[in-house]
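Colleague: I have a structure open and would like to go through it with you slowly. Could you take my questions one at a time?

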Amino acid sequence: MAFEKTAFLSQVEKELERWEVPSASICVVRGDEVLLAGGVGQRDGGSLPSDGDTLYQIASCSKAFTATAAAILATEGRLDFDAPVAEYLPAFRMHDPYASTHLTVRDFLSHRSGLPRHEYAWYGTGFSREELMANLRYLPLSAPIRYTFQYSNFNYLIAGCLIEAVSGMTIEEFLRRRIFLPLGMERTVAFSEEMRRDPNHALPFDRDIPYTTRGLRPIPFYASPAEKPGVGDPTAAAGCVISCARDMAKWLQFNLSRGRVGGKQLVREDLMDLLYTPHIDTGSGGAYAPERSMSAYGLGWSVYSYRGRKMVEHGGNINGFSSSTALFPEEGIGIFASVNMNTALLADAIVHDAADRLLDSPEGNWHARLRQENETLFQSVKALYASFGGEAVPGTAPSHPLEEYAGDYEAPGYRRFRILCEDGKLRMDFNTFTSGLRHLHYDSFATEEGIGELPPGLVLTFGADAKGRIRTLSAVLGSEKGLAPIVFQK
């Protein structure tokens, strides 16, 4: 099955309808040739077509840009991947003293720091970049350093702050001046406000039936409460890049040329190779993809064996956008796809379908397989969070009148949980999330459906002091093995 542009785009158009996704941005390169750089569908979900210049948020596909930024500094002799981060950031402290003094740039870029996601210690909090860095000392590790792969946006917050300290520029300015402009990525930006001002951008969408692949509703762009004009998202280094198909084609070619652009070696070849070198095993290559094996993480990239060929890839998801960027370095092939739909594996399906065509591999039936995998993913997320509370014990009741659970609960490194008692029912307010609470059993309550990014069924357990007064609230705010509940004090 060879790559034929017209047939491929026709397939994408059909799949957008099947997946109920408004639009896609796609580029495909082979060596020096750009085979495709364009858009399919309507970027606004209505009448405005997507094209090669339409801006999409690429989310965590940005991590490869941050790793490349570090490689630029290493090329210039200003940064050592194996030096402790504390040498560059003297005030750097983590919860574990040994980790504070021994973790290196390489450890954070490869997600082997022992730091779990702690997603709700940054997402929607409004903490500044400086506050998040200071809060690290309160966030417990869930594994020894260099022991296991644990994906965490905090790892890239740290890497970004290190790049800022070494370069004297914000991470956004460094990306613009040292990567976007040299590569000729003229439309690519690092501030979401710039995207929203641009007349040619895709709008974010989610499902109107939560945790399914059906329905369509517009949603707001994600913006941290800490953002303001000229001040980007505090975790920008983990996912701030906003780009278009034409620009992403240049990014793919830069990577395939091993760091060379316009006759200039921007990054040393051995350092570009290092970014694609497996640093830690990540387990299954993707349960839905037996064609992918030997799954590992490099620096800003995942690394696989795909049908016996080396595949370098990274996905990305942020409110209303899902993306995938893939390279086959030995074949000189690069593919990028982004769709304006939240948590949609359609971008992955487009990339894998294009790869099979370019590699002249058998038809992988990726779209049907990944639609089913998307449904399975949603159900597993719901089941995961429901499992934290275990089986509900029937016939139990709260030990206190509901109004006694109300109050503010605080934990170092996190925003407060506010529990309200209204009309005989408990409600919670946490970061930017609000939800009703249903009684689960004893002094445990669970969040209800429809609360944005906070998963349904999250269990909050209250505790009393020796005098019987409600004084604590605990919740498991992550899925990593070994992560203890976070305890908030009233």
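Colleague: How many helices and strands are there in the chain?

Modeller: The chain has 14 helices and 22 strands, where helices (H or I, at least four residues) and strands (E, at least two) are DSSP runs numbered from the N terminus. Please keep in mind that this is a predicted model, in which local features need pLDDT of at least 70 and side-chain atom pairs count only at pLDDT 80 or more, while totals for chains, interfaces and linings use all residues. Residues are numbered from 1 along each chain as its sequence is written, and side-chain values use heavy atoms, with hydrogens and water left out.

Colleague: What radius of gyration does the chain have, and what would a compact globule have?

Modeller: The chain has a radius of gyration of 23 Å, which agrees with the value near 23 Å that a compact globule of 490 residues would have. The radius is taken over C-alpha atoms, and the globule rule is 2.2 Å times the number of residues to the power 0.38. Along its principal axes, the C-alpha trace spans about 75 × 50 × 45 Å.

Colleague: And what share of the residues is buried?

Modeller: Buried residues make up 57% of the 490 residues in the chain, with buried meaning under 20% relative accessible area, exposed over 50%, and partly exposed in between (1.4 Å probe, protein chains only).

Colleague: What share of the contacts joins residues at least 24 apart?

Modeller: If you take contacts between residues at least 6 apart in sequence, 62% of them join residues at least 24 apart; a contact here means heavy atoms within 4.5 Å.

Colleague: Which residues have the most contacts inside the largest nonpolar core?

Modeller: They are Phe 65, Phe 81, Trp 251 and Phe 488, in a core of 113 residues. A nonpolar core is a set of buried Ala, Val, Leu, Ile, Met, Phe, Trp, Tyr and Cys residues joined through side-chain atoms within 4.5 Å.

Colleague: Let's switch to helices. At what angle do α7 and α8 cross?

Modeller: The axes of helix α7 (residues 153-167) and helix α8 (residues 171-183) cross at roughly 70 degrees and come within 9 Å. That makes α7 roughly perpendicular to α8, since angles of 65 to 115 degrees count as roughly perpendicular, under 35 as roughly parallel, over 145 as roughly antiparallel and the rest as oblique. The axes are lines fitted to C-alpha atoms, for helices over the stretch in contact, and angles run from 0 to 180 degrees between N-to-C directions.

Colleague: Which residues make that contact?

Modeller: Gly 160, Ile 163, Glu 164 and Ser 167 contribute from α7, and Ile 171, Glu 172 and Phe 174 from α8.

Colleague: Now Met 294: buried or exposed?

Modeller: Met 294 counts as exposed, at 68% relative accessibility, and it lies in strand β10 (residues 292-297). Its phi is near 50 degrees, a positive value in a residue other than glycine. Most residues other than glycine have a negative phi.

Colleague: What does Ser 305 touch?

Modeller: Not counting residues up to four places away in sequence, Ser 305 touches Glu 291, Arg 292, Ser 293 and Met 294. Ser 305 lies in strand β11 (residues 302-306) and counts as buried at 16% relative accessibility.

Colleague: Where is Arg 258?

Modeller: Arg 258 lies in the loop between α11 (245-256) and β7 (260-261), has a positive phi of about 60 degrees although it is not a glycine, and is partly exposed, with a relative accessible area of 32%.

Colleague: Last one, what about Ile 470, buried or exposed?

Modeller: Ile 470 counts as buried, at 2% relative accessibility, and belongs to strand β21 (residues 470-475). Ile 470 and Gly 407 are 63 residues apart in sequence and 9.7 Å apart in space, C-alpha to C-alpha. Not counting residues up to four places away in sequence, Ile 470 touches several residues, including His 400, Tyr 405, Phe 462 and Lys 490.
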